[in-house]
Amino acid sequence: MANIVEMPKLGFDMAEGTLVKWVKSEQDKVKKGEVLAEIETDKATVEVESSFTGVLHKHLAEEGEALPVGSPIAVIAEEGEDVDLDALLEETGAEEKKKEEKEEKKEGKEKEEKEKAGKEAEAEKKPEKGEKQKEEEMGAGEEDFIKASPVAKRIADEEGIKLSNLEGTGPGGRIVKRDVEKAIEEGVPEEKPEKAKITPGKDETFEISKLRAAIGNRMQGSWQEIPHFFITTEYDVGEMLKTRKQLNRELPDEEKVSVNDFIIRASALALKEYPNLNASISGKELTRHGDINIGVAVAVENGLLTVVVKNADQKPLRQISVEAKAMIERVKEGKVRNEDIEGSTFTISNLGMYNVEDFVAIINPPEAAILAIGTAKEVPIVEDGELGIGWRMKCTLSADHRITDGAEAAEFMQHLSLFLEQPWRLFA
Amino acid sequence: MAEITMREAISQALWEEMERDEKVFIQGEEVGVWGGTYAVTKGFLDHFGKERVRDTPIAEAAIVGSAIGAALGGLRPVAELMTINFAFVAMDHIVNEAAKLHYMFGGQFVLPLVIRAPGGGGRQLAATHSQTPDAIFAHFPGLKVVAPGTPYDAKGLLKTAIRIDDPVLFIENATIYQQKGEVPDGEYTIPIGKSKVQREGSDVTLVTYSKMVSYSLEAANKLEEEDGISVEVIDLRTLRPLDMAPVIESFKKTNRAVIAEEGWRSYGVGAEVAARIYEEAFDYLDAPIQRVAQKEVPLPYNTRLEQLALPQVEDIMKAVREVLR
């Protein structure tokens, strides 16, 4: 029987989504789990998978159309099935859509005829459109495809050289071994500029991207509504860095753990005793969450996303590492899944790799707090009147004063030191 | 070390093996009184007698079939076919018996049989007598297929073929019987199933066998002189079992390969070697592999057309330059 596919709810605060692209065309065969379309939310572009197997009978949304969560976007039927769309929509309670269609019907014969003519015209147009689309897709594919011989690819990969930066001298511009060898010998050409640069004397104006706008709205709302306060603590991370080194010596490359993985697990364990910091506020209600899901801010082109390590207090460090790595990879590839970015209860923002002393982060609403991580540095320290050398890392907690107070937050920061400074506790 | 012809090398191998082991005998059309169609067995009849040097009727099925019987009975026959084109008449014996009996009788029998057969085009013998159907025979498991390109390899490989207990099709090329090469004076054998680097080089791997070995060496020398290209020439020597190890080793160094064979391109030896390179060394590939082979026509009688259809030294040079683009 025929089934309606609805605009999915991707994240608890999602109200509407934009159908960016249909991956499956009408009359395409569809298997359960196959990607039907790409949807853009205010967080990310995500793929919508089919929950049904059959034939994509009809698109109910056009590319570029923004629809509320739960709106019907497609019908999937059995092959050759005669679908009564009205009855189906009624059945599934897609009322608005139904109303619209009924109104259209009321408008009588004239309209029907008009529509008929329109449809015929459309039918004539359709193949053309399909072909054009195909061409565009193929064109895009060609643009992405870099012609290179297998051996050139392998050597470039081994040497960490980006093929896109090389000029191919083989037939048809193929990048061959000699091109890669030349690059190794003479140095790799400058990366093609990816970052925006200033053109002297020329202003550039363009529309703010959906992601940029969403970040802006959220951060503005958070900064204006939430009474932030900040607590900075310096941690002795010498043991943690040593443990990480020892651990990574034993682990294969793909399982090596990062400092950030240590911090995820340490924060999760510390939060167990501080439910007010693993909470969210909504109107007059405060919810202390039963799960400790640690969000990790990941920079993407022109914005950031938060990937979520669920139940990080219950997972061993290696698992956290593998999961985080996979999610970050997906973010960078633009293939993030819905479950990667939803459900965080506490967020970590780590700028340690950029050599920062410390910084303050804006709370990711509706969470109660966010932890900003600075760079671990080898510094002179005074202990018992003696000058020595040690590793220190500064973290700053931003907390919501409506939920918690300075004393509790400071206690949390102190408690966190147990896990950051005595890393064996992460393995207990 | 003496410099002798291919004909002499093959003749020596037969002579020495017949002297060494009295179970070895030869049979075929004109091998006795006439001394062999290509004079390979001249003087054999007088020396070894007509029991061991047997002239047969013009009946290839009988030549191969009776040799199979003799081999099963404990002798070591060397059956000569006047040309490999006549092997088609004996196809059932070669493919369904020689190649299979050992297996189908659960190893109870061995088949120490050698079938010698010259092939190749270029002597104006027209389409039916000028074929190079080596790949067809190399297709069948159970049959060893040897096709040497130098006197040294021919002698050493034929002696091994006679001594081992498996059926061997020993393919000679009629246009290179006069070709000379150095051969050691004393006794030696060469194992079947080993490819050989005939010329070392670093820019491109040129895989070949039989008549195309000398063509390839000539092409390699010219390319070195004219273009400064360093060509490594690898002689397969045996088509089944095919020894890819030296080819792959060379290819990993050069990343580019040309395969030169006299037979037709489609479904040929070059196709097999290229496929194996793709399978075993894909990540070392820097350019599509080039094949040099006979044009896809029944070979013309007219000598100019015939030479146009057959692969030439220039074709190999062109392919090498192409693969190095």
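## Helix H5 of chain A

In helix H5 (residues 177-186) of chain A, the buried residues are A:Lys177, A:Asp179, A:Val180 and A:Ala183; buried here is 20 or more other C-beta atoms within 10 Å of a residue's own, with C-beta atoms placed from the backbone. These residues pack against helix H4 (150-159) of chain A, a contact being two such C-beta atoms within 7 Å. After H5(A) comes A:Gly187, with a positive phi near 90°.

## About the model

This is a predicted model, in which local features need pLDDT of at least 70 and side-chain atom pairs count only at pLDDT 80 or more, while totals for chains, interfaces and linings use all residues. Residues are numbered from 1 along each chain as its sequence is written, and chains are lettered from A and ligands numbered from 1 in the order in which they are written. Helices (H or I, at least four residues) and strands (E, at least two) are DSSP runs, numbered from the N terminus.

## Helix H8 of chain B

Now for helix H8 (residues 211-227) of chain B. Its 17 residues should span 24 Å at 1.5 Å a residue, and the end C-alpha atoms are 24 Å apart, which agrees; the expected span is 1.5 Å times one less than the number of residues.

Among the buried residues of H8(B) are B:Met212, B:Val213, B:Tyr215 and B:Leu223. Their cover includes strand E7 (168-173), strand E13 (257-264) and helix H12 (313-323) of chain B. Just after H8(B), B:Gly228 has a positive phi of about 70°.

Terms used:
Buried ≥ 20, exposed ≤ 12 C-beta atoms within 10 Å, placed from the backbone.
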